[in-house]
Amino acid sequence: MKRRWIAATVLAGQLLAQPAYAWDEIGHEVIARIAWANLTPQARAAAAAILSHAPEDSGLRALRPAGGTLEERRRVFFVEASTWPDIVRDTTFPARVLAYHRSNWHYVNYFFEETPQGPRDRPDLRPDTVNAVERLALLDDWVVDPGRSAAQRATDLAWILHLVGDIHQPLHATARVTGTEPAPRGDLGGNRFRLDGSNLHSYWDGAIRRSFPALPGEREHARVSRIADALMERHPRGALPAAELEPAYEAWARAGFETAKAQAYDTPRGQEPSAEYRAATAATAERAAALAGYRLARLLNSVLAPGA
């Protein structure tokens, strides 16, 4: 009985933590698709080998497609794996939630408040000790650590695919403190900032999907590839300084924090955002997704296939 009570308490704690999604399924898949396009052949093979050992009870292995060429199966599994850390939130599978869901891994909140002079940082309020930036710094070692099991390394890789995307969504690095959304949690990355029928956080999550509606009869993976190609054309990797692609997790998250302060809250509560706000959000999100994909590829090339 005591063991069952402890498990229930842990599960409840996970579910009551910040409800932090970053990008929706399409957004995460686009980032992973851009990364795949920029991986070396050696890194692709290494990633596929690692994911093939996904534990049975995780649901990760179920994302592997049955049809297509070997290259297609590897690509689709890699892209789908980027969504797995959100899939394991599903409370209809409580044992899986308890084993694999980690709510506080998905974000790193830096705090600010509005003043008559503009946004003011709140360095007295610190991010959770366990957070997306802190986890990525561990995961990039864990995923190639021979001391970890093959099953652990598979979920490590899925978390890397997901968290690099997460920290490029500006509201995954942000919590605004107000009179109605006070410290120590603030507005939970815009989750408490209500719009017309949704909230600010979810509005940003869906930015990529809104920018690229599905074409008639278009399957999801075709849509993801189309969006990835469009973003790589609009924001080519060659136009970015090499230093901007180097793994620097806190710097990436801090850049999102600055974007959130400057742009994300520039819309009224309780209303549908304006066309101008929607266009600005789309432009910011599209560049962030392209950058996340290139950075993820650079990271995995260096970690999974150094010297290739």
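Let me begin with the largest pocket in this predicted model, which has a volume of about 220 Å³. Its lining is made up of 15 residues, and those that lie nearest its centre are Ala 255, Thr 259, Arg 287, Ala 288 and Leu 291. If you look for the helices around this pocket, you will find that α12, residues 249–264, and α13, residues 275–304, each supply at least two residues of the lining. The largest share comes from α13, which gives six residues. Sorted by class, the lining of the largest pocket holds eight nonpolar, four polar and three charged residues.

Staying with α12 for a moment, this helix also lies across the strands β1, β2 and β3, and runs at about 20 degrees to β1. That brings us to the sheet itself. It is an open sheet of three strands, in the order β2-β1-β3, and its pairing is mixed. The edges are taken by β2, residues 118–121, and β3, residues 174–177, and each of these has a single partner strand, so one side of each is left without a neighbour in the sheet. On average, and with direction ignored, neighbouring strands of this sheet are turned by 35 degrees against each other.

Within the sheet, how do β1 and β2 pair, and over how many bridges? Strand β1, which covers residues 110–115, pairs with β2 in the antiparallel sense, over four bridges.

Now let me turn to a pair of helices. Helix α3, residues 41–51, packs with helix α8, residues 150–166, at an angle of about 120 degrees, and their axes are 8 Å apart. An angle between 115 and 145 degrees is neither roughly perpendicular nor roughly antiparallel, and α3 and α8 are therefore oblique to each other. On the α3 side the contact is made by Ala 47, Ile 50 and Leu 51, which meet Ala 150, Arg 153, Ala 154, Leu 157 and Ala 158 in α8. By class, the residues of this contact of α3 with α8 divide into seven nonpolar, no polar and one charged.

Most residues other than glycine have a negative phi, and most peptide bonds are trans.

Definitions and conventions
Residues are numbered from 1 along each chain as its sequence is written. This is a predicted model: local features need pLDDT of at least 70, side-chain atom pairs count only at pLDDT 80 or more; totals for chains, interfaces and linings use all residues. Side-chain values use heavy atoms; hydrogens and water are left out. On a 1 Å grid over the protein atoms alone, a cavity is a set of points where a 1.4 Å probe fits but cannot get out, and a pocket is an open set with protein on both sides within 12 Å along at least five of seven lines; lining residues have an atom within 4 Å of a point. Grid points are joined across faces, edges and corners, and a volume is the space filled by probe spheres set on the points. Ala, Val, Leu, Ile, Met, Phe, Trp, Tyr, Cys and Pro count as nonpolar, Asp, Glu, Lys and Arg as charged, and the others, Gly among them, as polar. Two strands pair if DSSP finds at least two bridges between them. Axes are lines fitted to C-alpha atoms, for helices over the stretch in contact, and angles run from 0 to 180 degrees between N-to-C directions. Contact means heavy atoms within 4.5 Å. Angles under 35 degrees count as roughly parallel, over 145 as roughly antiparallel, 65 to 115 as roughly perpendicular and the rest as oblique.
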